[in-house]
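I opened this model to look up how its chains are built and how they meet. My entries follow the picture.

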Number of protein chains: 2
Amino acid sequence: MRAVTVRDKQLSIEEHPDPEPGSGEVLIRVRGAGLNGADMLQRKGAYPAPPGSPQDIPGLELAGEVADLGPGATRFKEGDRVMAITGGGGQAELATVHERQLMPVPEGVDWPAAGGITEVFATAFDAVFTQAQLKQGERLLVHGAAGGVGTAAVQLGRAAGAHVTATVRNEAHRGAVADLGAAQAIDPEGFEEHGPFDVVLELVGGANMPGNLKALAMAGRVVVIGVGGSGPKAELNLLALMQKRGRISASTLRARPLEEKAITARLMEKHVLGHFASGELTVPIAETFPLDQAEAAYDRFAAGGKLGKIILLP
Amino acid sequence: MRAVTVRDKQLSIEEHPDPEPGSGEVLIRVRGAGLNGADMLQRKGAYPAPPGSPQDIPGLELAGEVADLGPGATRFKEGDRVMAITGGGGQAELATVHERQLMPVPEGVDWPAAGGITEVFATAFDAVFTQAQLKQGERLLVHGAAGGVGTAAVQLGRAAGAHVTATVRNEAHRGAVADLGAAQAIDPEGFEEHGPFDVVLELVGGANMPGNLKALAMAGRVVVIGVGGSGPKAELNLLALMQKRGRISASTLRARPLEEKAITARLMEKHVLGHFASGELTVPIAETFPLDQAEAAYDRFAAGGKLGKIILLP
């Protein structure tokens, strides 16, 4: 099979042996595979794949048809449309994933969209609901809301009955982000005047943290899952955090073990996927590329300023 | 009645009208009232009492006998030995507290100890268990472990089956802190070499935060409830926090409304007070003072370096 291959910080399309599904695993003929920020880091050599994942094939999410079943795999049958978050290896013609990490593709969702659902919606759901426990009637601020995770978080927040404010650097995208469900889509400059916010989703970086703390409501929660915009360094006034009785959490999904990825998949099935079948949730697609134009796809992602996902179609 | 009185940053003992218990409240003849860091701030004019508490009488905790019942108060009867956390007003001969904030004084606990239980044990329990969810078998680091909240946290951590490491600046107190249940009582310098820790209780200040993050275990939790030692400013590397999937929370108990103080009192009754009756938990007392020596008591507290509580005996 052919796959996007990253070795010595060089990206190419190379031939690899077809993977074989192990115990409990499913072989998937990949039809859509989204790009994510972690892929950009991996291309630079800064984010090695976790143990147990292909070390030289990037790709944290995929959708496709079940092509074969490993011993003991019983949740799906050949030909089923499935999708998953993985530790790596998604940007290839074939991939193996444990059946407990797989979800069915919701009815009416096409391959480009299915290939871009899992990583961003699972990441946004985990951050905003599992970690920050956003509740209906609360106010959610999403920084960097035009990106993949941002557009997912805006839609999930609205679907859960929260009031969503979105910061979007590119003025041209603010209308589209408002259409996804943000009550306000604003310039990042001066965002702290629009609070208080019960939950802040930080996708940009440390430079926002003093403003996040200033705009935080009593008992508010900040979740940090991306720092690619302004870097990781943050200044924090702990007394202000005490007085707000605030909480800051930070995480990545990628390095989590099988059992946690499986739990995330069950939460997605229960709380999120039904909203795709009804059309309440969508995956904005910025652009799709065939597998052999992966380098152009990566360059497009790295250039930023897009609305929604970049998807490879192997 | 006489009470410690703080007005225009001056501390004195003054005569006040006897308080009268309102609906659901209990009048208490105070027998012991502990000093806390918040009292030092209030004396400097930096920490006004929350609304509904006496503005000029400090004191966040007290123990004493029920002297009278307000309309509708039914949980206790005259003469019962009770104790409470309050928003202020504890350092007086009489005080009124809502009956839902009161707890019975455990059998065998004398007035000085009872006067120093509630604020520090409720604060430590809330921080280490309610916020950070310390579990048996986990590793707890307590910074500033020779103080009131610190000695409470060390004992509660040990009683819950955690492995406790304590930092104690004053070398002379390390043995006593180890005797309270710390497996290690160490110099704060270089503490980060003793990790990883699942939970860090920060009672000193922002200067410890880079070390706390370095010493944090995967999915570790830092709780900040005191910054009097090194101040509130902290530098935080968000990428490191993401990779650890860590969480930082911060809070104070004082400003919380009745319902939250009442919930805290119920949690204390359920999880903590039984350990006093059995002798597993104790309140180290550094020194007691009569009410009219409150100024000396405050100076003793502010001088630091003590082990355990300073208690006024009205």
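**Strand pairing**

Strand 12 (residues 216-224) of chain A and strand 14 (residues 247-250) of chain A run parallel and are joined by four bridges. I take two strands as paired if DSSP finds at least two bridges between them. Helices (H or I, at least four residues) and strands (E, at least two) are DSSP runs, numbered from the N terminus.

**Ground rules**

I note that this is a predicted model, in which local features need pLDDT of at least 70, side-chain atom pairs count only at pLDDT 80 or more, and totals for chains, interfaces and linings use all residues. Residues are numbered from 1 along each chain as its sequence is written, while chains are lettered from A and ligands numbered from 1 in the order in which they are written. I checked the confidence of chain A: the mean pLDDT (the predictor's confidence in each residue, from 0 to 100) is 94, and 100% of the residues reach 70 or more. The model has an ipTM of 0.90 and a pTM of 0.92.

**Chain against chain**

I then looked at the contact between the chains, where 23 residues of chain B touch 23 residues of chain A. Contact here means that the C-beta atoms of two residues, placed from the backbone, lie within 7 Å. On the chain B side, strand 13 (233-237), helix 7 (238-244) and strand 14 (247-250) each supply at least two residues. That side divides into 12 nonpolar, seven polar and four charged residues. Ala, Val, Leu, Ile, Met, Phe, Trp, Tyr, Cys and Pro count as nonpolar, Asp, Glu, Lys and Arg as charged, and the others, Gly among them, as polar.

Strand 13 (residues 233-237) of chain A runs antiparallel to strand 13 of chain B, with five bridges joining them. In that pair, A:Leu236 has B:Ala234 as its bridge partner.

How is chain B superposed on chain A? I find a rotation of 180° with 0.0 Å of shift along its axis, at RMSD 0.0 Å. The two copies are thus related as by a two-fold rotation axis.

Most residues other than glycine have a negative phi, and most peptide bonds are trans. I noted a cis peptide bond between A:Gly195 and A:Pro196, with omega about 0°. A:Pro196 lies in the loop between strand 10 and strand 11 (197-202) of chain A. B:Gly195 and B:Pro196 are also joined by a cis peptide bond. B:Lys9 has a positive phi, near 65°, and sits in the loop between strand 1 (2-7) and strand 2 (10-15) of chain B.

Technical notes:
Copies are superposed by least squares on the C-alpha atoms of residues with pLDDT of at least 70 in both.
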